Amino acid sequence: MHAREVRGLEIAANSHITCNGQVWLVPSQRGRKTYTVDINGKLPTCTCPDYETNGVKCKHIFAVEFIARHEKSDKPPEIPKPEKRTYRQEWPAYNAAQTNEKAKFQMLLYELCQGVEPPTQTCGRRRLPLGDMIFCAALKVYSTVSARRFITDLREAHAGGYIGRVPHYNSIFNYFEMSDLMPYLREMITRSSLPLKALETRFAVDSSGFSTGRFMRWYSTKYEQVTEHNNHGWLKLHLICGVRTNVVTSVEVTGQFAGDSPYFAPLVKATAANFNMTEVSADKAYSGWENLRLVEKQNAVPYIPFRSNASNKDKNSPPIWKQMFHYYCLHQDEFMEHYHRRSNVETTFSMIKAKFGDRLWSKTREAQKNEALCKVLCHNICCVIQSMYELGVKPNFWAKE
(Lines give C-alpha, C1' and ligand atoms only; values in the text may rest on other atoms or scores of the structure.)
Protein backbone atom coordinates (compact mmCIF):
# COMPACT_ATOMS: atom_id res chain seq x y z
CA MET A 1 0.00 0.00 0.00
CA HIS A 2 1.36 3.43 -1.03
CA ALA A 3 2.28 5.89 1.71
CA ARG A 4 -0.21 8.49 0.46
CA GLU A 5 -2.97 5.89 0.45
CA VAL A 6 -2.18 4.96 4.04
CA ARG A 7 -2.34 8.63 5.05
CA GLY A 8 -5.63 8.96 3.21
CA LEU A 9 -7.14 6.08 5.17
CA GLU A 10 -6.00 7.74 8.39
CA ILE A 11 -7.68 11.02 7.37
CA ALA A 12 -10.88 9.20 6.50
CA ALA A 13 -10.90 7.43 9.84
CA ASN A 14 -9.98 10.34 12.11
CA SER A 15 -11.06 13.57 10.36
CA HIS A 16 -14.42 15.17 9.64
CA ILE A 17 -14.81 15.26 5.83
CA THR A 18 -17.87 17.10 4.50
CA CYS A 19 -19.50 17.27 1.07
CA ASN A 20 -20.25 20.80 -0.24
CA GLY A 21 -22.20 20.36 -3.43
CA GLN A 22 -19.93 18.79 -6.03
CA VAL A 23 -16.73 19.09 -4.00
CA TRP A 24 -15.43 17.76 -0.70
CA LEU A 25 -13.79 19.70 2.12
CA VAL A 26 -10.91 17.85 3.74
CA PRO A 27 -9.15 19.28 6.84
CA SER A 28 -5.37 19.31 6.96
CA GLN A 29 -3.65 16.84 9.28
CA ARG A 30 -1.09 19.42 10.46
CA GLY A 31 -2.79 22.78 10.64
CA ARG A 32 -6.08 24.62 10.34
CA LYS A 33 -6.28 24.65 6.55
CA THR A 34 -9.02 22.95 4.58
CA TYR A 35 -8.45 21.58 1.08
CA THR A 36 -11.06 21.25 -1.66
CA VAL A 37 -11.22 17.92 -3.48
CA ASP A 38 -13.18 17.31 -6.70
CA ILE A 39 -13.57 13.70 -7.84
CA ASN A 40 -16.30 14.26 -10.47
CA GLY A 41 -14.04 15.11 -13.42
CA LYS A 42 -11.94 12.85 -15.59
CA LEU A 43 -9.11 13.18 -13.08
CA PRO A 44 -9.60 14.02 -9.40
CA THR A 45 -8.13 17.31 -8.24
CA CYS A 46 -7.10 18.83 -4.91
CA THR A 47 -5.97 22.27 -3.75
CA CYS A 48 -3.18 20.95 -1.49
CA PRO A 49 0.49 21.79 -2.26
CA ASP A 50 1.33 18.14 -2.93
CA TYR A 51 -1.15 17.88 -5.81
CA GLU A 52 -0.54 21.36 -7.22
CA THR A 53 3.23 20.94 -7.23
CA ASN A 54 3.65 17.29 -8.22
CA GLY A 55 0.37 16.56 -9.97
CA VAL A 56 0.08 13.20 -8.19
CA LYS A 57 -2.85 11.62 -6.44
CA CYS A 58 -2.57 13.02 -2.92
CA LYS A 59 -3.72 11.62 0.41
CA HIS A 60 -6.79 13.91 0.48
CA ILE A 61 -8.08 12.41 -2.79
CA PHE A 62 -7.59 8.90 -1.41
CA ALA A 63 -9.56 9.90 1.71
CA VAL A 64 -12.48 11.32 -0.29
CA GLU A 65 -12.61 8.31 -2.64
CA PHE A 66 -12.70 6.02 0.36
CA ILE A 67 -15.57 7.95 1.99
CA ALA A 68 -17.53 8.23 -1.27
CA ARG A 69 -17.12 4.52 -1.98
CA HIS A 70 -18.55 3.51 1.37
CA GLU A 71 -21.41 6.02 1.34
CA LYS A 72 -23.05 4.02 -1.45
CA SER A 73 -23.20 0.86 0.64
CA ASP A 74 -25.52 0.21 3.58
CA LYS A 75 -22.74 -1.21 5.75
CA PRO A 76 -20.72 1.18 7.90
CA PRO A 77 -17.26 1.78 6.50
CA GLU A 78 -14.49 -0.40 7.86
CA ILE A 79 -11.17 1.36 7.93
CA PRO A 80 -8.49 -1.17 6.97
CA LYS A 81 -5.41 -1.03 9.10
CA PRO A 82 -2.10 -0.57 7.31
CA GLU A 83 0.18 -3.57 7.35
CA LYS A 84 2.65 -3.54 10.21
CA ARG A 85 6.22 -3.89 9.06
CA THR A 86 8.00 -6.75 10.75
CA TYR A 87 11.66 -7.70 10.75
CA ARG A 88 12.98 -11.23 10.75
CA GLN A 89 15.28 -12.10 13.63
CA GLU A 90 18.30 -14.29 12.89
CA TRP A 91 17.82 -16.39 15.99
CA PRO A 92 20.80 -18.77 15.57
CA ALA A 93 23.21 -15.83 15.19
CA TYR A 94 21.52 -13.88 17.99
CA ASN A 95 21.66 -16.84 20.37
CA ALA A 96 25.31 -17.48 19.55
CA ALA A 97 26.19 -13.82 20.17
CA GLN A 98 24.40 -13.73 23.52
CA THR A 99 25.79 -17.01 24.84
CA ASN A 100 29.37 -16.06 23.94
CA GLU A 101 29.16 -12.35 24.71
CA LYS A 102 30.99 -12.29 28.05
CA ALA A 103 34.03 -14.19 26.76
CA LYS A 104 34.17 -12.15 23.55
CA PHE A 105 33.68 -8.94 25.52
CA GLN A 106 36.81 -9.50 27.59
CA MET A 107 38.81 -10.43 24.51
CA LEU A 108 37.76 -7.34 22.53
CA LEU A 109 38.15 -5.04 25.53
CA TYR A 110 41.67 -6.39 26.02
CA GLU A 111 42.50 -5.67 22.37
CA LEU A 112 41.23 -2.11 22.75
CA CYS A 113 43.27 -1.55 25.90
CA GLN A 114 46.41 -2.75 24.14
CA GLY A 115 46.46 0.46 22.12
CA VAL A 116 46.47 2.70 25.19
CA GLU A 117 49.73 4.59 25.58
CA PRO A 118 49.97 5.80 29.19
CA PRO A 119 51.66 9.11 30.04
CA THR A 120 55.24 8.95 31.25
CA GLN A 121 55.53 8.87 35.03
CA THR A 122 58.41 11.01 36.32
CA CYS A 123 57.94 10.80 40.07
CA GLY A 124 55.90 9.22 42.83
CA ARG A 125 54.89 5.71 43.56
CA ARG A 126 54.74 3.34 40.61
CA ARG A 127 51.22 3.31 39.17
CA LEU A 128 49.20 0.41 37.90
CA PRO A 129 49.25 0.05 34.08
CA LEU A 130 46.67 2.43 32.61
CA GLY A 131 45.49 -0.13 30.04
CA ASP A 132 44.84 -2.67 32.78
CA MET A 133 42.90 -0.17 34.88
CA ILE A 134 40.73 0.90 31.93
CA PHE A 135 40.04 -2.78 31.35
CA CYS A 136 39.03 -3.18 35.01
CA ALA A 137 36.84 -0.05 35.00
CA ALA A 138 34.95 -1.01 31.82
CA LEU A 139 34.53 -4.62 32.94
CA LYS A 140 33.24 -3.35 36.29
CA VAL A 141 30.52 -1.34 34.51
CA TYR A 142 29.72 -4.33 32.27
CA SER A 143 29.30 -6.62 35.29
CA THR A 144 26.78 -4.24 36.99
CA VAL A 145 27.81 -5.56 40.44
CA SER A 146 29.55 -3.85 43.35
CA ALA A 147 33.32 -3.43 43.28
CA ARG A 148 33.86 -5.94 46.08
CA ARG A 149 31.86 -8.69 44.38
CA PHE A 150 33.51 -7.75 41.09
CA ILE A 151 36.92 -8.94 42.36
CA THR A 152 35.94 -12.51 41.44
CA ASP A 153 35.58 -11.46 37.80
CA LEU A 154 38.98 -9.78 37.96
CA ARG A 155 40.57 -12.98 39.23
CA GLU A 156 39.12 -14.82 36.22
CA ALA A 157 40.40 -12.06 33.90
CA HIS A 158 43.86 -12.33 35.48
CA ALA A 159 43.81 -16.12 35.01
CA GLY A 160 42.94 -15.54 31.34
CA GLY A 161 45.91 -13.22 30.89
CA TYR A 162 43.92 -10.03 30.31
CA ILE A 163 45.46 -8.09 33.23
CA GLY A 164 48.87 -8.32 34.88
CA ARG A 165 47.60 -8.35 38.47
CA VAL A 166 44.33 -8.09 40.40
CA PRO A 167 44.03 -4.54 41.78
CA HIS A 168 42.32 -3.57 45.03
CA TYR A 169 38.73 -2.44 44.53
CA ASN A 170 39.59 1.00 45.91
CA SER A 171 42.14 1.39 43.13
CA ILE A 172 39.31 1.06 40.59
CA PHE A 173 37.45 3.89 42.33
CA ASN A 174 40.60 6.03 42.30
CA TYR A 175 41.03 5.62 38.55
CA PHE A 176 37.36 6.48 37.92
CA GLU A 177 38.06 9.84 39.57
CA MET A 178 40.96 10.68 37.25
CA SER A 179 40.12 13.53 34.86
CA ASP A 180 42.92 12.32 32.56
CA LEU A 181 40.97 9.11 31.93
CA MET A 182 38.24 10.79 29.87
CA PRO A 183 40.26 11.38 26.64
CA TYR A 184 41.33 7.74 26.62
CA LEU A 185 37.74 6.51 27.00
CA ARG A 186 36.50 8.79 24.24
CA GLU A 187 39.24 7.56 21.92
CA MET A 188 38.37 3.95 22.74
CA ILE A 189 34.68 4.62 21.99
CA THR A 190 35.67 5.95 18.58
CA ARG A 191 37.99 3.00 17.96
CA SER A 192 35.33 0.50 19.01
CA SER A 193 32.98 1.85 16.31
CA LEU A 194 35.46 1.62 13.41
CA PRO A 195 34.95 -2.12 12.67
CA LEU A 196 31.40 -1.20 11.60
CA LYS A 197 32.57 1.59 9.30
CA ALA A 198 31.48 -0.24 6.14
CA LEU A 199 27.97 -0.81 7.50
CA GLU A 200 27.01 2.64 8.76
CA THR A 201 26.24 5.60 6.48
CA ARG A 202 23.10 6.96 8.16
CA PHE A 203 23.30 8.51 11.62
CA ALA A 204 21.03 9.95 14.30
CA VAL A 205 21.74 12.48 17.08
CA ASP A 206 20.06 12.91 20.46
CA SER A 207 20.72 13.25 24.19
CA SER A 208 19.47 11.59 27.36
CA GLY A 209 19.98 11.90 31.09
CA PHE A 210 21.56 9.51 33.60
CA SER A 211 20.63 10.06 37.23
CA THR A 212 23.22 10.31 39.98
CA GLY A 213 23.29 9.89 43.76
CA ARG A 214 23.80 13.61 44.29
CA PHE A 215 20.80 15.69 45.33
CA MET A 216 19.88 19.05 43.90
CA ARG A 217 17.59 21.71 45.39
CA TRP A 218 14.95 23.48 43.38
CA TYR A 219 11.78 25.50 43.99
CA SER A 220 8.29 25.11 42.64
CA THR A 221 5.76 27.94 42.59
CA LYS A 222 2.74 25.84 41.66
CA TYR A 223 -0.55 27.19 43.03
CA GLU A 224 1.33 30.34 44.13
CA GLN A 225 3.05 28.46 46.94
CA VAL A 226 6.80 28.14 47.22
CA THR A 227 7.72 24.58 48.13
CA GLU A 228 11.25 23.24 48.52
CA HIS A 229 12.05 19.83 47.02
CA ASN A 230 15.11 17.60 46.89
CA ASN A 231 15.73 15.64 43.71
CA HIS A 232 18.52 13.60 42.25
CA GLY A 233 20.83 15.41 39.86
CA TRP A 234 21.80 13.90 36.54
CA LEU A 235 24.33 14.06 33.75
CA LYS A 236 23.47 14.50 30.11
CA LEU A 237 24.87 12.21 27.44
CA HIS A 238 24.95 13.58 23.89
CA LEU A 239 25.72 11.00 21.22
CA ILE A 240 25.50 10.18 17.54
CA CYS A 241 24.95 6.58 16.47
CA GLY A 242 24.54 4.52 13.34
CA VAL A 243 20.95 3.56 12.61
CA ARG A 244 21.76 0.01 11.47
CA THR A 245 23.87 -1.44 14.28
CA ASN A 246 23.22 1.25 16.96
CA VAL A 247 26.95 1.70 17.46
CA VAL A 248 27.95 5.06 19.00
CA THR A 249 30.49 6.93 16.89
CA SER A 250 30.99 10.02 19.08
CA VAL A 251 29.83 11.16 22.51
CA GLU A 252 29.87 14.21 24.79
CA VAL A 253 29.07 14.29 28.53
CA THR A 254 27.73 17.53 30.05
CA GLY A 255 25.81 18.86 33.01
CA GLN A 256 22.08 18.46 33.35
CA PHE A 257 21.12 21.90 32.00
CA ALA A 258 23.30 21.91 28.87
CA GLY A 259 21.50 22.56 25.60
CA ASP A 260 21.36 20.00 22.80
CA SER A 261 22.06 22.06 19.69
CA PRO A 262 25.59 23.29 20.60
CA TYR A 263 26.86 19.69 20.70
CA PHE A 264 25.50 18.78 17.27
CA ALA A 265 28.56 20.13 15.44
CA PRO A 266 31.31 18.32 17.41
CA LEU A 267 29.40 15.03 17.18
CA VAL A 268 28.89 15.27 13.43
CA LYS A 269 32.46 16.42 12.75
CA ALA A 270 33.97 13.61 14.80
CA THR A 271 31.83 11.03 12.98
CA ALA A 272 32.51 12.47 9.53
CA ALA A 273 36.26 12.10 10.17
CA ASN A 274 35.89 8.30 10.19
CA PHE A 275 32.61 7.45 8.43
CA ASN A 276 31.03 8.13 5.05
CA MET A 277 27.87 10.03 5.98
CA THR A 278 24.83 10.16 3.69
CA GLU A 279 22.04 11.10 6.15
CA VAL A 280 21.83 12.71 9.59
CA SER A 281 18.50 12.81 11.41
CA ALA A 282 17.66 14.66 14.62
CA ASP A 283 14.63 16.21 16.33
CA LYS A 284 13.52 19.86 16.29
CA ALA A 285 15.89 20.82 19.10
CA TYR A 286 18.72 20.70 16.55
CA SER A 287 16.93 22.72 13.87
CA GLY A 288 19.07 25.67 12.80
CA TRP A 289 20.95 27.17 9.87
CA GLU A 290 24.42 26.20 11.05
CA ASN A 291 23.51 22.59 11.80
CA LEU A 292 21.94 22.05 8.39
CA ARG A 293 24.86 23.76 6.69
CA LEU A 294 27.33 21.58 8.60
CA VAL A 295 25.65 18.36 7.47
CA GLU A 296 25.64 19.61 3.88
CA LYS A 297 29.41 20.22 4.07
CA GLN A 298 29.83 16.53 4.91
CA ASN A 299 27.99 15.63 1.66
CA ALA A 300 25.05 14.33 3.67
CA VAL A 301 21.35 15.21 3.84
CA PRO A 302 19.97 16.65 7.13
CA TYR A 303 16.54 15.28 8.06
CA ILE A 304 15.66 17.65 10.90
CA PRO A 305 12.01 18.77 11.21
CA PHE A 306 11.28 22.49 11.34
CA ARG A 307 9.71 24.27 14.29
CA SER A 308 6.19 25.65 14.00
CA ASN A 309 7.48 29.23 13.69
CA ALA A 310 10.05 28.40 10.99
CA SER A 311 9.67 30.13 7.62
CA ASN A 312 11.36 30.31 4.26
CA LYS A 313 11.01 34.08 3.82
CA ASP A 314 14.33 35.20 5.30
CA LYS A 315 16.61 36.30 2.47
CA ASN A 316 19.70 35.49 4.52
CA SER A 317 18.79 31.82 5.02
CA PRO A 318 21.25 29.41 3.34
CA PRO A 319 20.19 27.37 0.28
CA ILE A 320 20.14 24.11 2.24
CA TRP A 321 17.57 25.61 4.65
CA LYS A 322 15.31 26.65 1.78
CA GLN A 323 15.74 23.33 0.03
CA MET A 324 14.90 21.20 3.08
CA PHE A 325 12.06 23.53 4.14
CA HIS A 326 10.49 23.13 0.70
CA TYR A 327 10.97 19.36 0.86
CA TYR A 328 9.52 19.25 4.40
CA CYS A 329 6.38 21.19 3.41
CA LEU A 330 5.59 19.56 0.06
CA HIS A 331 6.89 16.02 0.54
CA GLN A 332 6.28 15.52 4.20
CA ASP A 333 5.53 11.80 3.95
CA GLU A 334 8.85 11.08 2.26
CA PHE A 335 10.67 13.41 4.65
CA MET A 336 9.21 11.68 7.69
CA GLU A 337 10.19 8.26 6.37
CA HIS A 338 13.82 9.38 6.49
CA TYR A 339 13.39 11.28 9.75
CA HIS A 340 11.91 8.32 11.61
CA ARG A 341 15.25 6.56 11.37
CA ARG A 342 16.02 8.84 14.32
CA SER A 343 14.05 6.37 16.43
CA ASN A 344 17.17 4.20 16.42
CA VAL A 345 18.97 6.65 18.68
CA GLU A 346 16.17 6.18 21.21
CA THR A 347 16.78 2.45 20.88
CA THR A 348 20.48 3.03 21.55
CA PHE A 349 19.77 4.84 24.81
CA SER A 350 17.28 2.15 25.78
CA MET A 351 19.89 -0.56 25.12
CA ILE A 352 22.50 1.22 27.26
CA LYS A 353 20.15 1.87 30.18
CA ALA A 354 18.48 -1.54 30.12
CA LYS A 355 21.78 -3.42 30.08
CA PHE A 356 24.07 -1.24 32.18
CA GLY A 357 21.59 0.80 34.20
CA ASP A 358 20.30 4.39 34.00
CA ARG A 359 21.99 5.35 37.28
CA LEU A 360 25.55 6.54 37.84
CA TRP A 361 26.80 5.21 41.17
CA SER A 362 30.00 7.26 41.41
CA LYS A 363 30.06 10.16 43.84
CA THR A 364 32.31 12.78 42.25
CA ARG A 365 31.57 14.56 38.97
CA GLU A 366 34.68 13.29 37.16
CA ALA A 367 33.99 9.72 38.22
CA GLN A 368 30.39 10.00 37.02
CA LYS A 369 31.51 11.20 33.60
CA ASN A 370 34.00 8.37 33.27
CA GLU A 371 31.36 5.87 34.37
CA ALA A 372 28.94 7.18 31.72
CA LEU A 373 31.64 6.84 29.04
CA CYS A 374 32.33 3.29 30.19
CA LYS A 375 28.66 2.45 29.66
CA VAL A 376 28.91 3.67 26.06
CA LEU A 377 32.15 1.76 25.52
CA CYS A 378 30.56 -1.46 26.81
CA HIS A 379 27.57 -0.88 24.54
CA ASN A 380 29.80 -0.46 21.49
CA ILE A 381 31.70 -3.68 22.19
CA CYS A 382 28.38 -5.53 22.51
CA CYS A 383 27.28 -4.09 19.14
CA VAL A 384 30.51 -5.32 17.57
CA ILE A 385 29.98 -8.79 19.05
CA GLN A 386 26.46 -8.92 17.65
CA SER A 387 27.74 -7.86 14.21
CA MET A 388 30.45 -10.54 14.36
CA TYR A 389 27.83 -13.27 14.51
CA GLU A 390 25.06 -11.72 12.40
CA LEU A 391 27.06 -9.86 9.73
CA GLY A 392 30.42 -11.60 9.73
CA VAL A 393 32.41 -8.58 10.95
CA LYS A 394 36.07 -9.23 11.86
CA PRO A 395 37.09 -6.41 14.24
CA ASN A 396 40.55 -4.88 14.15
CA PHE A 397 40.46 -1.77 16.31
CA TRP A 398 44.00 -0.48 15.82
CA ALA A 399 44.51 -1.26 12.13
CA LYS A 400 46.24 1.46 10.12
CA GLU A 401 43.98 3.30 7.72
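1. Hairpin S2–S3. Strands S2 and S3 form a hairpin with six residues between them. Gly31, in the turn, has a positive phi of about 150°. S2 covers residues 23-27, runs antiparallel to S3 and is joined to S3 by four bridges. Leu25 has Thr36 as its bridge partner in S3. Strands here are DSSP runs of E, at least two residues long, and are numbered from the N terminus. Two strands pair if DSSP finds at least two bridges between them.

2. Basis of the model. This is a predicted model: local features need pLDDT of at least 70, side-chain atom pairs count only at pLDDT 80 or more, and totals for chains, interfaces and linings use all residues. Residues are numbered from 1 along each chain as its sequence is written, and side-chain values use heavy atoms, with hydrogens and water left out.

3. Hairpin S3–S4. S3 also forms a hairpin with S4, again with six residues between the two strands. S4 spans residues 45-46 and pairs with S3 in the antiparallel sense over two bridges. Val37 stands opposite Cys46 in S4.

4. Faces of S3. Which residues of S3 lie on the covered face? They are Tyr35 and Val37. Thr34, Thr36 and Asp38 make up the uncovered face. In a regular strand the side chains alternate between the two faces of the sheet.

5. Thr254. This residue lies in strand S7, residues 248-254. Is Thr254 buried or exposed? Thr254 is buried, with a relative accessible area of 7%. Buried means under 20% relative accessible area, exposed over 50%, and partly exposed in between (1.4 Å probe, protein chains only). The side chains of Thr254 and His238 are joined by a polar contact of 2.9 Å. Such a contact is a pair of N or O atoms within 3.5 Å; within protein, one must be able to donate a hydrogen and the other to accept it, and residues adjacent in sequence count only if both atoms are side-chain atoms. Leaving out residues up to four places away in sequence, Thr254 touches Leu235, Lys236, His238 and Tyr263. Contact means heavy atoms within 4.5 Å.

6. Whole chain. The protein has 15 helices and ten strands; helices are DSSP runs of H or I, at least four residues long. The C-alpha trace spans about 90 × 60 × 45 Å along its principal axes. Of the 401 residues, 45% count as buried. Among contacts between residues at least 6 apart in sequence, 62% join residues at least 24 apart.
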